[in-house]
Amino acid sequence: DLELHLQRCQQLSVTVLTDHQDLSNTELKTITNSTAPQQYRIRAKLRTYKPQKLHQSVKLHCSKCNSLQEVPDRDDFDFILHGSAGSAPNPELHNTSWYESVTWTTQEQKRREIAIHFVKHDEMLQHPEDTLIMIEGGTLKEIWKLTKRFKCVIPVRSTEDDLELLDLSAPFLLKGNVKYYGCKQCSTPKPMKNLSSIAAEQQPSWEPTEIAQVLGIELLQYVFIMKFTLVDETGSLNAYLFDY
């Protein structure tokens, strides 16, 4: 457990970073006055680390524009879903050559119309564990239930001409318990009919990278980021950890 380990590090008087055993210890003042890149071995205390809560270390990174953003929380996604549920599915977009549609109305007080579009392969429905579905009007709870049964779930809404992705603040794709996001700045979302090219493949794999590509989405990657402040008698040094 990294958080526990870091707390122990703070309690110790000295933490030794054991990489580069062939190098002698270098004072932090010397390192801060040197030009990068260099390799050093240091002996220092861990004074602080950020963020304090480990889950806050996970961010979303766009490799194209190099931007970093917070992972949207459950409430953000829920809000977007509620907004899209306000418009009824367009029946003219149901049951095309590449997907089969099922619709129903919920029995709750504020009735919702839900549509699920099952993407076909060779004009046939596949096994649920191999199937990509698109859902209109679903709640977060309903979508999570579907992710347990189907390979991929894409929340969509109807336009006059086609199905389209929701706001990119929401995940454009859910696979298992992983939510996939697109970069708002670098993506140019395309209509869902572009997925028919994957459905026509001999063995559609429904890989997130391939789905993102045909839908014009620049896929964001989950990254782990931390900042450590290290000190010795000569000065302090900020060390950053960035890893996929």
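# Close-up views of a predicted model

**Figure 1. Two domains make up the overall layout.** The protein chain is divided into domain 1 (20-64 + 223-243) and domain 2 (74-179 + 195-206). Keep in mind as you explore that this model is predicted. Between the C-alpha centres of domain 1 and domain 2 there is a distance of 44 Å. The mean pLDDT of the protein chain is 89, with 91% of its residues at 70 or more. Over residues 10-14, however, the pLDDT is below 50, and this stretch has eight contacts in the model beyond near neighbours in sequence.

**Figure 2. Here we look into the largest nonpolar core.** This core has 26 residues, and those with the most contacts inside it are Met134, Ile154, Phe172, Met192, Leu195 and Ile211. Two or more residues come from each of β7 (132-136), β8 (152-158), β9 (163-165), α5 (196-199) and α6 (208-214). Another core lies apart from the largest one; it has 17 residues, among them Ile135, Ile143, Val153 and Leu166.

Figure 3. Which residues of α4 (residues 140-149) are buried? They are Leu140, Ile143, Trp144, Leu146 and Thr147. These residues lie on the same side of α4 because they cover an arc of only 160° around the axis.

Figure 4. Lysine 175 is part of strand β10. Not counting residues up to four places away in sequence, lysine 175 touches Lys151, Cys152, Tyr180, Trp206, Glu207 and Pro208. Lysine 175 and glutamine 56 are 119 residues apart along the chain, and 22 Å separates their C-alpha atoms.

Figure 5. Tryptophan 206 is not a glycine, yet has a positive phi of about 55°. Its place is in the loop between α5 and α6. Tryptophan 206 has a relative accessible area of 1%, so this residue is buried. Aspartate 122, also not a glycine, has a positive phi of about 55°. Aspartate 122 sits in the loop between β6 and β7, and counts as exposed because its relative accessibility is 62%.

Figure 6. Alanine 36 and proline 37 are joined by a cis peptide bond with omega of about -5°. Proline 37 belongs to the loop between α2 (28-32) and β2 (43-50). The peptide bond from lysine 50 to proline 51 is also cis, with omega near -5°. Proline 51 lies in the loop between β2 and β3 (58-61).

Notes: Residues numbered from 1 in each chain as written. Predicted model: local features only at pLDDT ≥ 70, side-chain atom pairs only at ≥ 80, totals over all residues. Heavy atoms only, no water. Core = buried A, V, L, I, M, F, W, Y, C linked by side-chain atoms within 4.5 Å. Buried < 20%, exposed > 50% of the residue type's maximum accessible area, 1.4 Å probe, protein only. Helix = DSSP H or I, 4+ residues; strand = E, 2+ residues; numbered from the N terminus. pLDDT = per-residue confidence, 0-100. Contact = heavy atoms within 4.5 Å. Domains from an automatic or database assignment. Arc of directions from axis to C-beta.
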